[in-house]
Amino acid sequence: MYGLFRAVGAGPLLRLGGGCYDLRPRCLRHYGIIEARMLQVCGNPFDAVRLLRPFGQSAVEDGFKTVRHWNEVEFGDLLDWLKTEEGRVLGLWLALQHHGITFDDVVDQQGDERWWSKEALPALAQANCEDEQGALVWLEDGPQDEEAPSIDWSRLFRVLSEEPFNISMREIGELSLRQVRTLTTDRKKLMGQTESQSEVRAQAEQRRAVPKGAIENLMQGNRWDG
Amino acid sequence: MAEFIEVTAGAKTYRIGRVGFNVRLDAAEQIRQKRRDEFSRAVNTFKDAGNEEQRMLVALALDKMVRGVSVTTVEVNDWLRSPEGEAFTLLCGMRKNLPAATPDDVMALLTDISAEDYVLVDDFLAKSLFGTK
């Protein structure tokens, strides 16, 4: 039965403001929206660095070192953001927006903490049903830091837009992390098969290759197999 | 639950509206603004006679400001329970009726309000914090 509710278009339901709505699972595009929102509230810290001028050139350079990665949001930061007030409201709105519900509607119809913990968050978890940590395993070859997991988004997009998937960027944006994990696992299998096929092909080529010394034998008028 | 509560303090009647969940989002922005202010204050305090240690404090304030994008639910709750947070909630409530209300109006109300009315207002705002669900 696992995943059937999604296959038949019947996601988990949530009561909100007198209505009852199904929740859409989170896709990669939603993480992009969340990241954009985080950067929006962050503002431009380079303006702050300009304030360091009275402290001298070295202080300004140190300031630039501090803020130069300000627009690189770690996946761990995204997950942290989703646990904040703003993040969970945004996450809920992303799951409900296909009903034409605005962000302000979600804010206006908030329930108390009990509603969040008993209804909203379980329904969201059920809708997403993705093992985010698991999705990271393949994406990062190195050892995983559980405190601050990260996804190399550019690498992910590169992998999915190339052979054997050839998925367009728009389609990639609609994938969930679970689907990404499935695809990338499939890719590993496919790549494994390709490698073994090429090994077989190489062995066949080797078998068909002219045996060493055969040319000399021919030139000397000897038989091929002689 | 009523949309407004009226209290009289210092011969003046104040009408305070339901604040709703939005005040929690505004509170998060207020906390972020405080981090920005901390950095600006550190710069203004030390810019004339900044030694190595003071420069480090400025650098720390910058680091805190840049990293402090996420404001946790716990931080929001703590701030809303602080005197500053209570005054902010009250201001949001007053602006539901009078959009031009200022922090001075809040201070005037808090100065003259009786203990009984204060409890009533506090209870009203606490109940209205989570909206209409």
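How many salt bridges does the count come to over all chains? In this predicted model, the count over all chains comes to 14 salt bridges. One of them is formed within chain A, where the side chains of Glu119(A) and Arg15(A) meet with an N to O distance of 2.8 Å. This pair links distant parts of the chain, since Glu119(A) lies in helix H8 (residues 113–128) of chain A and Arg15(A) in strand S1 (residues 13–16) of chain A, 104 residues apart.

Between chain B and chain A, the count is 2 salt bridges. Arg24(B) forms a salt bridge with Glu85(A), and the closest N and O atoms of this pair are 2.4 Å apart. Polar contacts between chain B and chain A come to 5 residue pairs, with both residues at pLDDT 80 or more. On the side of chain B that touches chain A, at least two residues each are supplied by helix H1 (22–46), helix H2 (52–67) and helix H3 (73–81) of chain B. H1(B) gives the most to this side, with 10 residues. By class, the side of chain B that touches chain A consists of 14 nonpolar, 9 polar and 7 charged residues. The contact as a whole takes 36 residues from chain A and 30 residues from chain B. About 2,600 Å² is buried between the two chains, and 67% of this area is on carbon and sulfur atoms.

The structure holds 1 cavity of 30 Å³ or more. The space in the largest cavity is about 70 Å³. Its lining draws on both chains, with Val41(A) and Cys42(A) from chain A, and Arg32(B), Arg35(B), Arg36(B), Met65(B), Val66(B) and Gly68(B) from chain B. H2 of chain A, together with H1 and H2 of chain B, are the elements that give two or more residues to this lining. The most is given by H1(B), with 3 residues. The lining of the largest cavity has 4 nonpolar, 1 polar and 3 charged residues.

The largest pocket contains about 480 Å³ of space. It is lined by 18 residues, of which Trp70(A), Glu72(A), Asp77(A), Val66(B) and Arg67(B) are the closest to its centre. Two or more residues of the lining come from each of helix H2 (28–42), helix H4 (57–67) and helix H5 (75–82) of chain A, and from H2 of chain B. The lining of the largest pocket divides into 7 nonpolar, 4 polar and 7 charged residues.

For the second largest pocket, the volume is about 410 Å³. Of the 18 residues that line this pocket, Leu80(B), Arg81(B), Glu86(B), Thr89(B) and Asp122(B) are the closest to its centre. The elements that give two or more residues to this lining are H3, helix H4 (83–97) and helix H6 (115–128) of chain B. In the lining of the second largest pocket, 11 residues are nonpolar, 2 are polar and 5 are charged.

Notes:
Residues are numbered from 1 along each chain as its sequence is written. Chains are lettered from A and ligands numbered from 1 in the order in which they are written. Side-chain values use heavy atoms; hydrogens and water are left out. Contact means heavy atoms within 4.5 Å. Buried area is the accessible area (1.4 Å probe) that two parts lose on being put together, summed over both. A salt bridge is a side-chain nitrogen of Lys or Arg within 4 Å of a carboxyl oxygen of Asp or Glu. A polar contact is a pair of N or O atoms within 3.5 Å; within protein, one must be able to donate a hydrogen and the other to accept it, and residues adjacent in sequence count only if both atoms are side-chain atoms. Helices (H or I, at least four residues) and strands (E, at least two) are DSSP runs, numbered from the N terminus. Ala, Val, Leu, Ile, Met, Phe, Trp, Tyr, Cys and Pro count as nonpolar, Asp, Glu, Lys and Arg as charged, and the others, Gly among them, as polar. On a 1 Å grid over the protein atoms alone, a cavity is a set of points where a 1.4 Å probe fits but cannot get out, and a pocket is an open set with protein on both sides within 12 Å along at least five of seven lines; lining residues have an atom within 4 Å of a point. Grid points are joined across faces, edges and corners, and a volume is the space filled by probe spheres set on the points.
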